[in-house]
Each structure stands twice: as C-alpha cells, then as structure tokens.
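I opened my notebook to look up a few things in this structure. I took them one at a time.

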Amino acid sequence: EVFHIMYEPKLEKDLRCPLEYGLKIFGGKWKTRVVCLLSEAQTLRYSALRNKMVPITDAVLASTLKELIADQIVKRQSFDEMEYSLTEKGLSSIPLLHSICHWATAYHPEFAFLQCQECPYQPVTSGEPPEAQ
C-alpha cells in the first residue's frame, strides 16, 4: 500500500484564516515600506534601503528583511554588498497593498494629503470608496 504525502507549508497553529496569514506577513511598521521601496526601485542594496528608511535601526531592518525573506516576499543576492528585490510572491502583493492605500484614503480623507515617500501610488482624493469612482 502506497501513501501519498502532500506537502503543506507549516503554518502557525493560532492562524485561523487566510486573512490572519496575510496580516502576519505584512503587519508591522516596516514590512510594507520595504515592499513599496523594492517595488519602486526593483533592486536595492542594503545601504540604499537603510538610507531610505530613516529612522529604522540596523537591527530592525535586518529582522524585517529576515522575516520577509522567510515568507518568500523578498529575495537576497550577494554581490559586493547584499542586494534585495521582490520575489514573484512579493510582486503579486503590490495590487493588494495598492488597494489598501486606496481604501485608507477613501475612508480617511486626511490620508489623501499624505504622500508616502516609499509608495509609488497616488492617493485617492475624492473621499468616495474606490468602487464608487
């Protein structure tokens, strides 16, 4: 008798739905900033990434990158200096993050006047939900 074992990625036992997984991946202050910067620049050396993310510390940036690499959102390549870019999985998250930006500016007009330096997207300024535009 042959048993087929399907590979299933190991998820934390306290995650109950896909939304919780997504929030775990992109939650926190710095992860989405890293993703947006890499989306805009395509590839960044560690020092350039660090300079664009002031006032982040080296320890926090290293930890953030390590988590994004473990979750297969970012990949690291070693040249003269470490370079980081988005994986296919990371690139696929950009429309989702863009939608969140639109939602935030549609329902919280005060955000329409903030232009995130890391985000290549223009905010929605009409004050209407994105589906109404």
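Confidence came up at the start. I noted that this is a predicted model, with a mean pLDDT of 81 for the chain. I read that 74% of the residues reach 70 or more. Then I looked at residues 122-133, where pLDDT stays under 50. For that stretch the model has 22 contacts beyond four places in sequence.

Next I looked up a pair of helices. The axes of α2 (residues 31-41) and α4 (residues 58-70) come within 10 Å. They cross at roughly 75 degrees, so I wrote down α2 and α4 as roughly perpendicular to each other. On the α2 side I listed Lys31, Val34 and Val35 as making the contact. On the α4 side I listed Leu61, Thr64, Leu65, Glu67 and Leu68. I sorted the residues of this contact by class: five nonpolar, one polar and two charged.

Then I turned to the loops. Between α3 (46-52) and α4 I found Pro55. A cis peptide bond joins Val54 to Pro55, with omega at about 20 degrees.

I also checked phi. Gln42 is not a glycine, yet its phi is positive, about 75 degrees. Gln42 sits in the loop between α2 and β1 (43-45). Its relative accessible area is 60%, so I marked Gln42 as exposed. Gln72 has a positive phi too, near 65 degrees. I placed Gln72 in the loop between α4 and β2 (74-78). At 51% relative accessibility, Gln72 counts as exposed.

My last entry is Thr105, in helix α6 (residues 94-107). Is Thr105 buried or exposed? Its relative accessibility is 6%, so I put Thr105 down as buried. A polar atom of the Thr105 side chain lies 3.1 Å from the backbone oxygen of His102.

Methods
Residues are numbered from 1 along each chain as its sequence is written. This is a predicted model: local features need pLDDT of at least 70, side-chain atom pairs count only at pLDDT 80 or more; totals for chains, interfaces and linings use all residues. Side-chain values use heavy atoms; hydrogens and water are left out. Helices (H or I, at least four residues) and strands (E, at least two) are DSSP runs, numbered from the N terminus. Buried means under 20% relative accessible area, exposed over 50%, partly exposed in between (1.4 Å probe, protein chains only). A polar contact is a pair of N or O atoms within 3.5 Å; within protein, one must be able to donate a hydrogen and the other to accept it, and residues adjacent in sequence count only if both atoms are side-chain atoms. Axes are lines fitted to C-alpha atoms, for helices over the stretch in contact, and angles run from 0 to 180 degrees between N-to-C directions. Angles under 35 degrees count as roughly parallel, over 145 as roughly antiparallel, 65 to 115 as roughly perpendicular and the rest as oblique. Contact means heavy atoms within 4.5 Å. Ala, Val, Leu, Ile, Met, Phe, Trp, Tyr, Cys and Pro count as nonpolar, Asp, Glu, Lys and Arg as charged, and the others, Gly among them, as polar. pLDDT is the predictor's confidence in each residue, from 0 to 100.
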